[in-house]
Amino acid sequence: MHMSFLSVRAYHMRNALGRLPLNLNMASQHKPVCLKDFEEHARLVLPDPVYRYYSHGFYPEQTLRDNEEAFKRYRLRPRLLRDVSKRDMRTTMLGQDIAFPIAVAPTSMHCLAHNDGELATARAVGSVGTGMILSAGTNSTMEDVAAALFPNGLRWAQLYIFKDLSLVRRIVKKAETNGYGALVVTIDYPVSNKGPWGSLRIPPHIKMANFADVELSRLSSVVINESVTWKDIDWLHSITSLPIVLKGIRTGEMAREALNHNIAGIVVSNTGGRNLDGLPATIDALSEVVEAVRGSCMEVYLDGGVRTGTDVLKALALGARAVFIGRPIIWGLAYDGEAGARTVLEIIRDEFSLAMALSGCPKLSDITPDLVIRDLRYSAKL
Ligand SMILES: Cc1cc2nc3c(=O)[nH]c(=O)nc-3n(C[C@H](O)[C@H](O)[C@H](O)COP(=O)(O)O)c2cc1C
């Protein structure tokens, strides 16, 4: 267990009080050095229901665990004696520049982790020149997040096909008028899954910005739509010219269907293990999706369990154009708001740069499938 930056005394005080005293400045303790350290810190400082809301997956959490574990089953085959003195991590997502291929996945309610919420995340993202997908469940408004990301942050807006289509239209309009470059439709969450965070009570000052005028008691009846089909995706195309990215595709068949519906990109995702338990880890599902769309201009991204620079390298080697991180950003916010989220992004960016160097890859295009091998002995032990 990583207890490096929190004294055992503070840990016990937390257990006695339910949470840490507010005047204990965690950011002044020993500094976290890897993304896992941020999670351990968050576990100790966040109120239990909030930590559980962010961290848990769908019971019994096999997929949640496997998202991270599966990366370890892939081993690296570096090329040596290459000049790696200059490394270039810049890339594009749907034509928009980003400084390195690691962006922020949509996660709801950042204000539960830090008062500045998504604005802190957006400033951190903008300051390092990458991008974020803003969750439909954002506490901050789409306008404010767009301003906070300006000028260097790529922004895409996540939404669901809600039961009340006027909510969809409203998010689309806001995305268009505030310079969001794509709509990310999450398609693997058609039913309400309260999960183990059911007991979470959201303090009244924390708002769901996109649903500010919807009564909380009515929210699930206007939001949850169990009958979404490809027709709704086609309808979405009919009301906007923004590119559409589908989040939650994990099979070659679905990826090929997406090609027929003018989809610009796919995020191979299992909602961080919060969806159906028993789904494969996303890194294991990636190759099938990449193969299915090979030769098209569809971009394939991945999220789920990405925690180190070598995870990023492995995902890119297996065909992802970029990866997204979800929970680590929340842990960064809990650590120190904007600065904490920025440190998370800087750590994984620098780890990735080092992994490129040690693998003999000065450019992203050098990161090819022969760089990884699946370790079958490791799988057998699981
Ligand atoms: C607390 C939490 C809230 C999330 N909210 C959303 C959401 O609003 N929309 C969405 O498409 N995905 C949501 N996700 C899923 C993330 O976008 C992403 O798929 C997942 O967190 C990636 O895995 P990782 O956390 O292991 O990096 C959420 C995930 C978490 C942990």
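Author: In what follows, a residue is buried when its relative accessible area is under 20%, exposed when it is over 50%, and partly exposed in between, using a 1.4 Å probe and protein chains only. The model is predicted, so local features need pLDDT of at least 70 and side-chain atom pairs count only at pLDDT 80 or more, while totals for chains, interfaces and linings use all residues. Residues are numbered from 1 along each chain as its sequence is written, and side-chain values use heavy atoms, with hydrogens and water left out.

Reader: Is T138 buried or exposed, and what is its relative accessible area?
Author: T138 sits in the loop between β5 (131–134) and α6 (142–149), where helices (H or I, at least four residues) and strands (E, at least two) are DSSP runs numbered from the N terminus. Leaving aside neighbours within four places in sequence, T138 is in contact (heavy atoms within 4.5 Å) with E118, K207, M208, A209 and N210. T138 is buried, and its relative accessible area is 0%.

Reader: Which backbone oxygen does the side chain of T138 reach?
Author: The C-alpha atoms of T138 and S108 are separated by 5.3 Å, although the two residues are 30 residues apart along the chain. The side chain of T138 also makes a polar contact, meaning a pair of N or O atoms within 3.5 Å, where within protein one must be able to donate a hydrogen and the other to accept it, and residues adjacent in sequence count only if both atoms are side-chain atoms. At 2.7 Å, the side chain of T138 reaches the backbone oxygen of S140.

Reader: Which residues come nearest to the ligand?
Author: A residue is near a molecule or strand if one of its heavy atoms lies within 4 Å of it. The shell around the ligand holds 5 nonpolar, 11 polar and 5 charged residues, with Ala, Val, Leu, Ile, Met, Phe, Trp, Tyr, Cys and Pro taken as nonpolar, Asp, Glu, Lys and Arg as charged, and the others, Gly among them, as polar. Of the 21 residues around the ligand, those that come nearest are P106, S135, T186, D303 and R307.

Reader: How much of the accessible area of the ligand does the protein cover?
Author: An oxygen atom of the ligand lies 2.6 Å from a polar backbone atom of P106, and an oxygen atom of the ligand is 2.9 Å from a polar backbone atom of G305. Accessible areas come from the Shrake-Rupley method with a 1.4 Å probe, and for residues only the protein chains shown count as cover. Of the 600 Å² of accessible area that the ligand has on its own, the protein covers 97%.

Reader: How many residues apart are R170 and D213?
Author: The side chains of R170 and D213 meet in a salt bridge at 3.1 Å, N to O, the term being used for a side-chain nitrogen of Lys or Arg within 4 Å of a carboxyl oxygen of Asp or Glu. R170 is partly exposed at 32% relative accessible area, whereas D213 is exposed at 59%. R170 belongs to helix α7 (residues 165–177) and D213 to the loop between β7 (183–186) and α8 (219–223), so that this pair links distant parts of the chain, with a separation of 43 residues.

Reader: By about how much of a helix are K173 and E176 separated?
Author: The side chains of K173 and E176 meet in a salt bridge at 3.5 Å, N to O, and E176 is partly exposed, with 31% relative accessibility. Because K173 and E176 are 3 residues apart in helix α7, the separation between them is about one helical turn.

Reader: Is L81 buried or exposed, and at what relative accessibility?
Author: Most residues other than glycine have a negative phi, and most peptide bonds are trans. L81, which is not a glycine, has a positive phi of about 55 degrees, and L81 is found in the loop between β1 (74–76) and β2 (91–93). L81 counts as exposed, with a relative accessibility of 90%.

Reader: What is the omega of the cis peptide bond between Y59 and P60?
Author: P60 lies in the loop between α3 (48–55) and α4. The peptide bond that joins Y59 and P60 is cis, and its omega is about 0 degrees.
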